[in-house]
Amino acid sequence: MGFSKEDLQDIFYNNNGVCYHCHHILVLEYYGKRVFGGWCVDHRNPSSRGGVDDLRNWRPSCYPCNEEKNDKTTYEYGKRQRQPPFLRDY
Ligand SMILES: [Zn+2]
């Protein structure tokens, strides 16, 4: 899915530039890059499960969190124990 530059800035700054799940610091320019500090847009409620496609449902997420979360809702994912991403593999 494509996001405009403005969308991405809103998503990023609305969450203070950290991963919504683990609070790891992200770099705005690293959107879509699978590197340390890189991030992608996570749907709090996955669209496959009725989540809406706008800012209310978009959160910045680091790659490890996004992949672990998969199509769980944020509530379901939040129940799991998480490690900060520097302890995981990129
Ligand atoms: Zn994360």
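Predicted model: local features only at pLDDT ≥ 70, side-chain atom pairs only at ≥ 80, totals over all residues.
Residues are numbered from 1 along each chain as its sequence is written.

On confidence, pLDDT is the predictor's own score for each residue, from 0 to 100. The protein chain averages 86, and 86% of the residues score at least 70. Helix α1 (residues 5-14) comes out highest with a mean of 96, while helix α3 (residues 74-78) is lowest at 77.

The protein chain has three helices and two strands, in the order α-β-β-α-α from the N terminus. Helices (H or I, at least four residues) and strands (E, at least two) are DSSP runs, numbered from the N terminus. Strands β1 (residues 40-43) and β2 run antiparallel and are joined by four bridges; strands count as paired if DSSP finds at least two bridges between them. Across that pair, valine 41 sits opposite proline 60 in β2.

In β2 (residues 58-61), Trp58 and Pro60 point one way, Arg59 and Ser61 the other, and all are buried. Buried here means 20 or more other C-beta atoms within 10 Å of a residue's own; 12 or fewer is exposed, and anything in between is partly exposed, with C-beta atoms placed from the backbone. Of the 90 residues in the protein chain, 21% count as buried.

Now for two residues that both sit in the loop between α1 and β1, asparagine 15 and leucine 26. Contacts mean C-beta atoms, placed from the backbone, within 7 Å; the ones listed leave out neighbours up to four places away in sequence.

Asparagine 15 is in contact with Tyr20, Arg59 and Pro60, and its C-alpha lies 9.8 Å from that of serine 61, 46 residues along the chain. Leucine 26 touches Gly17, Val18, Cys19, Gly37, Trp39, Pro60 and Cys62. Its C-alpha is 8.5 Å from that of proline 60, 34 residues apart in sequence.

Leucine 26 also belongs to the largest nonpolar core, along with Cys19, Tyr20, Trp39, Cys62 and Cys65. Such a core is a set of buried Ala, Val, Leu, Ile, Met, Phe, Trp, Tyr and Cys residues joined through C-beta atoms within 7 Å.

Conventions. Contact = placed C-beta atoms within 7 Å.
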